[in-house]
Amino acid sequence: MGEVIVVTSGKGGVGKTTSTANIGTGLAKLDKKVVLIDTDIGLRNLDVVMGLENRIVYNLVDVIEGNCRIKQALIKDKRYPNLYLLPSAQTRDKTSVTPEQMKKLADELREEFDYILMDCPAGIEQGFKNAIAGADRALVVSTPEVSAVRDADRIIGLLEASEIKQTHLIVNRLRSDMVKRGDMMSSDDVVEILAVDLIGVVPDDENIVISTNQGEPLVGSDTLAGQAYMNISRRIIGEEVPYLDLNGKQGLFSKLASLLKKN
Amino acid sequence: MSLADFFRKKTSSNIAKDRLKLVLVSDRAGCSPEIMEQIKNDIIAVISRYIEIDMEGLDIKITQTESETNNGTVPALFANIPIKDLKTKK
């Protein structure tokens, strides 16, 4: 029986879709059978982040309305044979789907997949309710900014009131240089304020922009963000993974180079 | 202000943390700014019947306080109301 995980945040633009794409791909790299569901009806994005936008035939609303079978709507990722995407509908809105229908869909997918990742829309309205309906656990994404943390707190409150048993926090876009000079809250600060368990810290990394440009998740690559996302995927499957040292921002090569420069 | 606060540098991240803690207390209490405003006005109205208070220096907010019965923090209504003049109205 698979596990249904919702990736949510409250505030928009903090990296829900990027996190869903990378964690999902990471799980597929760990040989899990994974389906990513874009529940942001009307504002479809996960397909372009995954680089699968040209292969959409059917979408989530088609499946719900019975215009096609689930299998027909699932897009198989070319890079990972056990990774699938169920894209959202672009020309419909959030009211096209009900929480009950989403729960039923999630339960059907559970039979087939190890992990079902729901990419939640921003906000706390119908789209959010749809996305969390069938979920067993939640990953709340927040950046270390007051607005994002405040919204994350609201979301955590709503998740606690729902049937979701487990909620974990991802602190995204952390800039260790700013944390060091006291101009950005640290992940510990955010954890202290939100009083929720941390599952990963993703540094602000320009490689994310590059990878999104290319439609190729960077999870597992030799970048700080790529490693951070891989660690989150590993923690999801139950592995104990130590946290990255984000202060050692440089790679081995640049470290060597700066050593040589100093001497 | 505790001694620890005194030595803690007022960096922008500390300011962010302090502001967030305050705003989340009222968020979690489900108390909107409108309701706070009403509470404030009602308190002013009641107290003004007996004493003259300094409206400018008035500070009413929801904060957290150590619970006396169970270990942990609970929300508390904090009111700092400077008195201008003790009237002897009846």
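Modeller: Before we start, here's what touching means here: two residues are in contact if their C-beta atoms, placed from the backbone, lie within 7 Å. And keep in mind that this is a predicted model.

Biologist: Got it. Which residues does Ile116(A) touch, not counting those up to four places away in sequence?
Modeller: Ile116(A) belongs to the largest nonpolar core, which has 81 residues, and is listed among those with the most contacts inside it, along with Val34(A), Leu117(A) and Met118(A). Leaving out residues up to four places away in sequence, the ones Ile116(A) touches are Gly2(A), Val4(A), Val35(A), Ile37(A), Ala106(A), Leu109(A) and Arg110(A).

Biologist: Which helix gives the largest share of this core?
Modeller: The core in question is the one with 81 residues. Its largest share is seven residues, and they come from residues 224-236 of chain A, helix H11.

Biologist: Let's zoom out. How many helices and strands does chain A have?
Modeller: Chain A is 263 residues long, and 48% of them count as buried. Its C-alpha atoms fill a box of roughly 70 × 40 × 35 Å along the principal axes. In secondary structure, chain A has twelve helices and eight strands.

Biologist: What is the radius of gyration of chain A, and how does it sit with the globule rule?
Modeller: For 263 residues the globule rule gives 18 Å, and chain A comes close to that, so it is as compact as a globular protein of that length. The radius of gyration of chain A is 18 Å.

Biologist: What share of the contacts in chain A with a separation of 6 or more comes from residues 24 or more positions apart?
Modeller: Take the contacts in chain A whose partners are separated by 6 or more. Those between residues 24 or more positions apart account for 74%.

Biologist: Now Arg173(A), in strand E7. Does it count as buried or exposed?
Modeller: Arg173(A) sits in strand E7, residues 166-174 of chain A. Its contacts beyond four places in sequence are Gly15(A), Thr143(A), Val202(A) and Asp204(A). The cut-off for buried is 20 or more other C-beta atoms within 10 Å. Arg173(A) has 21 such neighbours, so it counts as buried.

Biologist: I noticed Asp31(A) has a positive phi. Where does Asp31(A) lie?
Modeller: Its phi is about 70 degrees, although Asp31(A) is not a glycine. With 11 other C-beta atoms within 10 Å, Asp31(A) is exposed. As for its place, it lies between helix H1 (16-29) and strand E2 (34-38) of chain A, in the loop.

Biologist: And Ala195(A), is that one buried or exposed?
Modeller: Ala195(A) also has a positive phi without being a glycine, at about 50 degrees. It is found in the loop between H9 and strand E8 (197-203) of chain A. With 10 other C-beta atoms within 10 Å, Ala195(A) is exposed.

Biologist: On to chain B. In what order do its elements run from the N terminus on?
Modeller: Chain B has three helices and four strands. Buried residues make up 4% of its 90 residues. From the N terminus on, the order is α-α-α-β-β-β-β.

Biologist: Which residues of H2(B) are buried?
Modeller: H2(B) covers residues 12-28 of chain B and reaches 24 Å from its first C-alpha to its last, close to the 24 Å expected. On the face turned away from its buried side are the exposed residues Ile15(B) and Arg19(B). The buried ones are Ala16(B), Lys17(B), Leu20(B) and Leu24(B).

Biologist: What covers the buried residues of H2(B)?
Modeller: The cover reaches over from chain A. It includes helix H7 (146-161) and helix H9 (187-194).

Biologist: Last one: how many residues does the contact take from chain B and from chain A?
Modeller: On the side of chain B that touches chain A, the residues divide into four nonpolar, four polar and six charged. The contact takes 14 residues from chain B and, from chain A, twelve residues.

Note on methods: Residues are numbered from 1 along each chain as its sequence is written. Chains are lettered from A and ligands numbered from 1 in the order in which they are written. This is a predicted model: local features need pLDDT of at least 70, side-chain atom pairs count only at pLDDT 80 or more; totals for chains, interfaces and linings use all residues. Helices (H or I, at least four residues) and strands (E, at least two) are DSSP runs, numbered from the N terminus. A residue is buried if 20 or more other C-beta atoms lie within 10 Å of its own, exposed if 12 or fewer, and partly exposed in between; C-beta atoms are placed from the backbone. Ala, Val, Leu, Ile, Met, Phe, Trp, Tyr, Cys and Pro count as nonpolar, Asp, Glu, Lys and Arg as charged, and the others, Gly among them, as polar. The expected span of a helix is 1.5 Å times one less than its number of residues. A nonpolar core is a set of buried Ala, Val, Leu, Ile, Met, Phe, Trp, Tyr and Cys residues joined through C-beta atoms within 7 Å. The radius of gyration is taken over C-alpha atoms; the globule rule is 2.2 Å times the number of residues to the power 0.38.
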